[in-house]
Amino acid sequence: MGRENLAGEALILLRSRLCNPKFVFSPFSDSADSNYSKLKFILSSSVTEACNNSVLLLGPRGCGKNAVLELVIEDLLKEYPDMISVIKLNGLLHSDDNCAVKEIARQLCVEHQLLFSKMVSFDDNTQFMIGMLRECGLAHKTVMFVLDEFDLFAQGKQRLLYCLLDAMQSVTSQAVVIGVSCRLDADQLLEKRVRSRFSHRKLLFLPPSKEDLQRLIKHILVLPTDSSLPHDYVVEFNAKLLNILAKERFKQIIDTLSNSDSTCSNLLRFLFSAVCHMDLKSGFLLIENFKAALSSIQRQPKLEGLKDCSILELYMLVCMWRLEVREQDSYNFNSVMKEYRSIHDSFQTSDYYARNVCLRAFEHLLERELISFMDHRGHNQSTEFRPAKLLISYHELYQGLKSYRSCPAILQKLIDRER
Amino acid sequence: MGKEESPQVVTRRTTRSSSSSTPNSKNLETTKSCNPQPMTINDLVFGDEHISFDDLISSLPGRRSQIHELVRLLGPLNSPTIPLFIYGGTSTGKTSVVLQIFRYLNRPFVYTSCRTCYNPRVLFESILNQLSLHRKDVGNGYSSAKRCERPSDFVNLLREALLTVVNNLKGHLENSSSKKSIGRISGKMVYLIIDNLELVREWDKSANLLPFLFKLYAILMLPEVGLVYISNTSPDTYYSDTGYIEPIPVYFPDYTEEDLRQIFLRNQANQKLYSSFLEVVLRPFCRTTRRVDELSAAFSPLFKKYCEPLSDLGISPSEEMKRRLFSHLQPHIMPSLNEVFKISSRPSSEGESNKEKANRQGCTQRLRGCPAIDEIDFHMSTSAKYLLISAFLASRNPATLDASLFDSTGGSDNRKRKRNSSVKSMEHKEAAEQELLMKGPGTFPLERLLAIFQCITSVEEYTLEEEEPGTNSLGVESGDSGLMSDVLLQVSSLCNANFISKGGSCPLDGSTRYRSTASEDMALKVARSLKFPLSKYLYRR
């Protein structure tokens, strides 16, 4: 087997690891005070003691709330076969009560091999759900409701939440409601009648610490010795990798990465990009790969947009900025054009174009979203008359002009002078 | 240049089934439509002929590093991938590059554009149709395979459809490995490409839909699915209040001058001649715009001009010849730099202006800004011209002045009053000018437009017919009835041509208000063609 094939195989392995959140978050399951253990304790006790429960998993996006929950549920399904049925809802899809109840009924039907009809009314579905909850309770079967994007269920009248939590007040039912949300105040969004029925158990998921990040990187990138890959390749790969991970430069890269966003999902994207940069000829990860990945992940879209502008578009931006400096409360294309003309009159620039060409440049800027209209009203007004504003700061404009390859000196001068 | 452009435009605007019909496979398209065979899984890959990596690089000049990056991110066969987010300005080859890469990789994919699929339902159904290999035709009444409106139904149906496709692909793989069949499809991954994502922000309920689309990968939890988003605007324009899991960004910068040179040199019969032409024009034009579509529209008439002194287009120009050609072209460069939209002679410009229209939105807005030379270069009926002028007057003049401008005593008196009023407002001139710049033309109800129309037509008619100022205007009441007959029709056609825009209704009386969008030059030109003394009626502040 050639080196390239080996590297390709290793690449596929690494990529599938990175795309599998269950694998990524599995190392957090060992320690006793981890969220994994706490959640597992809560859920397994309500399964074994046949009681109702509810819990909220809160934390910023990309910290593994869902992945840990998946891991726990998978374990529980193995430990207590035929005692748990899981119903999964997502606030993005089922925030409408009608839709949610229908989806619950559908999943219950699939779970228990019943026939599901699309045409059933909301009330019938609710009745069916409550009936099923009772039946499951009698059969000592726990129904777990996983509500992803929990905050979106709290919009509107919260009929679904009330219905679920109210059904759980009776002794006959046996259900767990697990809410997952990135809003830390998700429980404050609940109505009083819903909140009083909620158990207020909350688990907080935080972005990993520096040590955890290092552990995570090692966990993901180190190749297993017991795979189909030849042993000596794996050993060499791992040795080189560990060498890189120990380097000071690598630590700096990780620091810059986690300074802006230290969540796991950001790390995963970074590692994915780094792995994709791996040179298949040599078959090993290099520190350059990580550097390249960092710059491709951390982008500055506004500066990129400025670099794409033509000279005339830069003129338009500088004119708009001059108008903003003068604290004109609102301005539109016509006033920009006036400013552009006055710049031309006082400096005799070579870039003086007709009004319609400038209007086109103005529209390009709108498309690039470097500028935008002040309001969304006045769609019937034509472009020239709608008040506009800059979407970039002075600093960005200054940087952009400085790094622009052939920026006219006059623009630099104008922006320097009116600082 | 047109040749080079057309496939790009086609791929950008249409779904794959038609975009695969590149010019040389046109006959294939026709046979396809007359005997519709049931679609197979092979229809999920691009086109028919395979291209090599070198072809891929050379067919898309200036995009080498982006192609490399994308191929790396898509990875080797059967490797799962995190969603990708491709962004960059208009006409930077995003869609073409992605589609050509999939053609090179021969991997099955589903392409949908949010421009053609203009609401969630159409978008969802289009994806499902393609996945379930369903083709709309007469037999099924051009209906979709599944009716699907809500995201929740979509996820269930999509998961089902994807699983079937993935299973089919797996079966296909086994078959092809055992029987060596000629199926070109490779891998068991399916990719969903969603183009023009920025348009979703304008849709209803986009606040929920966008996070949903971004989270689709996490919701589906199928490692065999790859997601590719293509957008005009950068990822930071999509931030919502509770955020989303961000995809991996891939940036397509605008073409540099050197890239543009290569792009324009493609498909040129005489490379040397064209490159000497580009040396002259490319740099000045790049200062205003770097978009391929706009540049190519500007270059094609210029190149014709450039070639005019040449008898033989096949020659390679010498230095001296280049100088001569340059001096021939030079007077044309400046005017052409200063126009965005040219209608030269009727037959040849037809296709060009159509293309222009397809390429840009809002070109109708630009139309009125176009500096036509001396007279209006399109046909308009006399009553439409009068209507245009009256709309212009109604927009520019304050309504309170109508009575004094259009009373029966005629034009001479008007002038005096107008001058008086302009003297009065002398001190406010600056402020008023600013206001005009900011607020634009005013709005007016239909009744006012018709009243002004009647006034100016009646005045005109008797000055033309009787040449005698001072008679009572009641006498011509019968004369203008012919003009008034289909005036409302003319109003609506002027609205459609965007000379008059229909605004929202007035909050007080609820009637629709109109606004003239014609520029002053335009109105003056129209007035001149009618020999109508427009400046006499114009209120100057």
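## Basis of the description

Axes are lines fitted to C-alpha atoms, for helices over the stretch in contact, with angles running from 0 to 180 degrees between N-to-C directions. Helices are DSSP runs (H or I, at least four residues), numbered from the N terminus.

The model is predicted, with pLDDT of at least 70 needed for local features and 80 or more for side-chain atom pairs, while totals for chains, interfaces and linings use all residues. Residues are numbered from 1 along each chain as its sequence is written, chains are lettered from A and ligands numbered from 1 in the order in which they are written, and side-chain values use heavy atoms, without hydrogens and water.

In chain A, the axes of helix H17 (residues 311-325) and helix H21 (residues 409-417) come within 11 Å and cross at roughly 15 degrees. H17(A) is therefore roughly parallel to H21(A) (angles under 35 degrees). The crossing is left-handed (the near helix is turned anticlockwise from the far one by less than a right angle; clockwise is right-handed).

Leu314(A), Tyr315(A), Val318(A), Trp321(A) and Arg322(A) of H17(A) are in contact with Ile410(A), Leu411(A), Leu414(A), Ile415(A) and Arg417(A) of H21(A) (heavy atoms within 4.5 Å). By class, this contact has eight nonpolar, no polar and two charged residues (Ala, Val, Leu, Ile, Met, Phe, Trp, Tyr, Cys and Pro count as nonpolar, Asp, Glu, Lys and Arg as charged, the others, Gly among them, as polar).

## Helices H14 and H15

The axes of helix H14 (residues 264-276) and helix H15 (residues 287-297), both of chain A, come within 8 Å and cross at roughly 125 degrees. H14(A) passes H15(A) in a right-handed crossing.

Note on methods: Helix = DSSP H or I, 4+ residues; strand = E, 2+ residues; numbered from the N terminus. Parallel < 35°, antiparallel > 145°, perpendicular 65-115°, else oblique.
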